[in-house]
Amino acid sequence: MADHTLPSQRPAWAALKAHYGALRDRHLRDLFAADPGRGTRYTADAVGLFLDYSKNRATDETLKLLFALAGECGLKGRIASMFSGAKINVTEGRAVLHTALRAPKDAVITVDGKNVVPDVHAVLDAMSAFAERVRSGAWKGHTGKPIKTVVNIGIGGSDLGPVMANEALRFYAKRDLNFRFLSNVDGTDFAETVRDLDPAETLFIVCSKTFTTQETMTNAESARAWSLAALKDAASVAKHFVAVSTNAAEVAKFGIDTANMFGFWDWVGGRYSMDSAVGLSTVLALGGDQFRELLAGFRAMDEHFRTAPLDRNLPVIMGLLSVWYSSFFGAETVAVLPYDQYLKRFPAYLQQLTMESNGKRVTLGGASVDYQTGSVYWGEPGTNGQHSFYQLIHQGTKLIPCDFVAFCKSLNPVGRHHDLLTANVFAQAEALAFGKTADEVRADQAKAKKVDEALVPHKTFPGNRPSNVLLVDKLTPFALGTLVALYEHIVFTQGAIWDIGSFDQWGVELGKVLATQIVKELEGAPEPERHDPSTNALIARYRAARK
């Protein structure tokens with residue numbers, strides 16, 4: 001029987017709470033002064049990622065207690081259960097096997113008595129073959145023209161992962177193919193996506209497992225109507241639409257040839273699906289071989305997470321430190337700050353991965369938690385963020401742990417740009433950790449012979465703001481795979497410690513149900529006045545305005 005003891009009731013949690021009381025007022029300046037070797041000792045290196053976690057408000061004792069908590073919460077056993085295909089998504093009775101999407105062909109991963117790996121590779125091979133036809137020009141549209149633009153229609157995990165990967169790996173993409181992504185049910189998103197496109201040269205990927213997702217199918221129906229208005233022939237749909245789905249009946253009803261339907265499985269959550277058939281747009285952009293390099297990066301991090309000792313395990317170290325800040329320091333957010341313009345959508349991708357996974361208030365056993373769980377993840381690429389929100393991180397009243405992601409080599413070397421970019425990474429991490437004291441401000445003023453005591457408090461930086469620095473050689477498909485899998489497994493580590501279900505998302509359901517009812521009322525159904533007074537009044541006002 002599963003042990004759902006609240007982590008806050010475990011001995012290591014109590015020890016951490018006491019330790020926090022003793023450590024919370026110690027400054028990183030003092031921690032480095034007492035332990036100068038921490039700058040090289042608090043590092044870990046695996047699968048091409050170098051992690052410096054020395055600028056965290058932690059000591060050897062902190063780490064010892066965090067690893068003890070991981071042991072008491074059964075982290076190693078939970079990791080093994082996930083990789084084995086056990087149904088750890090307990091509220092939906094499903095296995096959690098996004099790791100199978102990048103397993104080698106000779107792996108054996110069993111779900112309900114069946115090895116799923118052959119099916120995974122069959123879909124991957126079909127995606128690669130289809131992509132080669134489109135990329136080579138062999139696939140023709142209804143009028144005989146080759147495809148110039150691919151539009152991915154999806155939402156949530158069917159959009160955020162492909163968008164992020166398309167931006168992150170643009171350097172490696174086929175540049176004479178244009179890629180667009182349509183997700184919002186707002187008609188403006190549809191109108192602006194197709195405004196300058198030629199239907200005869202456009203291919204739509206309709207990405208919905210059930211082929212019933214409201215936003216996706218609304219956009220798909222509009223795209224179908226837009227395409228048919230120009231091409232005039234219902235048979236053209238099969239040349240300009242393909243599906244990522246498992247609902248063959250609805251796909252065929254839409255007019256898509258089910259030979260061009262690419263499936264995935266209920267053991268793949270949407271936010272973990274970018275390396276499944278959901279990544280078809282990525283395969284079209286990169287080609288099958290480079291997509292497999294992306295998968296190899298995922299797989300390398302999977303193996304590291306599965307086999308590395310906890311104290312050398314990158315996702316475990318980062319996951320435990322994030323629990324330390326969230327559940328003990330009360331930090332409510334984490335800033336992810338990639339210093340590479342290609343990763344501009346990486347923080348947005350992580351928002352769904354982290355917050356949809358661990359935004360939970362009850363344990364796997366259904367008990368209310370008495371500690372803070374999932375953090376708000378956010379960020380922007382450096383150096384843009386430095387001129388936007390870093391002020392609050394440096395001198396505001398909130399504690400915001402930061403993850404800096406930097407690369408030793410630029411894909412687009414231009415003059416001294418990359419050295420300057422990287423200098424900012426190291427400088428920001430240093431400034432956050434050590435700050436600037438009032439005496440140091442006064443010393444600077446004295447040197448400049450511009451003493452102004454009134455400015456001293458404004459120019460003082462408190463420091464003691466924690467950060468991790470992730471240093472990678474350069475951004476490649478393999479490297480992106482390792483980075484995404486790193487955060488997937490950080491999420492898993494957090495969920496295991498908090499004893500919450502990281503793989504369901506019941507919190508999104510209520511709004512969907514209510515919207516289905518309300519849209520009927522907005523479109524003219526008699527008002528039943530079954531809602532609260534505020535919602536009833538808003539519906540009435542909208543209906544009146546529409547008239």
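Threonine 149 is found in strand 5, which covers residues 149-153; strands here are DSSP runs of E with at least two residues, helices are runs of H or I with at least four residues, and both are numbered from the N terminus. The model is a predicted one, so to speak of local features takes a pLDDT of at least 70, side-chain atom pairs count only at pLDDT 80 or more, and totals for chains, interfaces and linings use all residues. Residues are numbered from 1 along each chain as its sequence is written, and side-chain values use heavy atoms, with hydrogens and water left out.

Back to threonine 149: its relative accessible area is 7%, so it counts as buried (buried is under 20% relative accessible area, exposed is over 50%, and partly exposed is in between, with a 1.4 Å probe and protein chains only). Leaving aside neighbours within four places in sequence, threonine 149 is in contact with Asn178, Arg180, Leu197, Glu201, Thr202 and Leu203, where contact means heavy atoms within 4.5 Å.

Zooming out, the chain has 22 helices and 13 strands. Its radius of gyration is 26 Å, close to the 24 Å that the globule rule gives for 547 residues, so the chain is as compact as a globular protein of that length; the radius is taken over C-alpha atoms, and the rule is 2.2 Å times the number of residues to the power 0.38. The C-alpha trace spans about 80 × 60 × 60 Å along its principal axes. Of the 547 residues, 52% are buried. As for contacts between residues at least 6 apart in sequence, 74% join residues at least 24 apart.

The chain carries 59 positive and 59 negative charges, and their mean positions are 2 Å apart. Lys and Arg count as positive and Asp and Glu as negative, while His and the chain ends are not counted; each charge is placed at NZ of Lys, CZ of Arg, CG of Asp or CD of Glu.

Next, some strand pairing, which takes at least two DSSP bridges between two strands. Strand 1 (residues 43-46) and strand 2 (residues 49-52) are antiparallel, with 4 bridges. Threonine 43 stands opposite aspartate 52 of strand 2, and alanine 44 has leucine 51 as its bridge partner. This hairpin leaves 2 residues between the strands, and valine 47 takes a positive phi near 40° there. Strand 2 is also joined to strand 13 (residues 467-472), again antiparallel and by 4 bridges; phenylalanine 50 is partnered with leucine 471.

Most residues other than glycine have a negative phi, and most peptide bonds are trans. Phenylalanine 211 has a positive phi near 60° and sits in the loop between strand 7 (202-207) and helix 9 (214-231); this phenylalanine 211 is buried, at 4% relative accessible area. Lysine 232 has a positive phi near 70° and lies in the loop between helix 9 and helix 10 (237-240), but lysine 232 counts as exposed, at 69% relative accessibility. The peptide bond from glycine 382 to threonine 383 is cis, with omega near 10°, and threonine 383 lies in the loop between strand 11 (376-378) and helix 16 (390-395).
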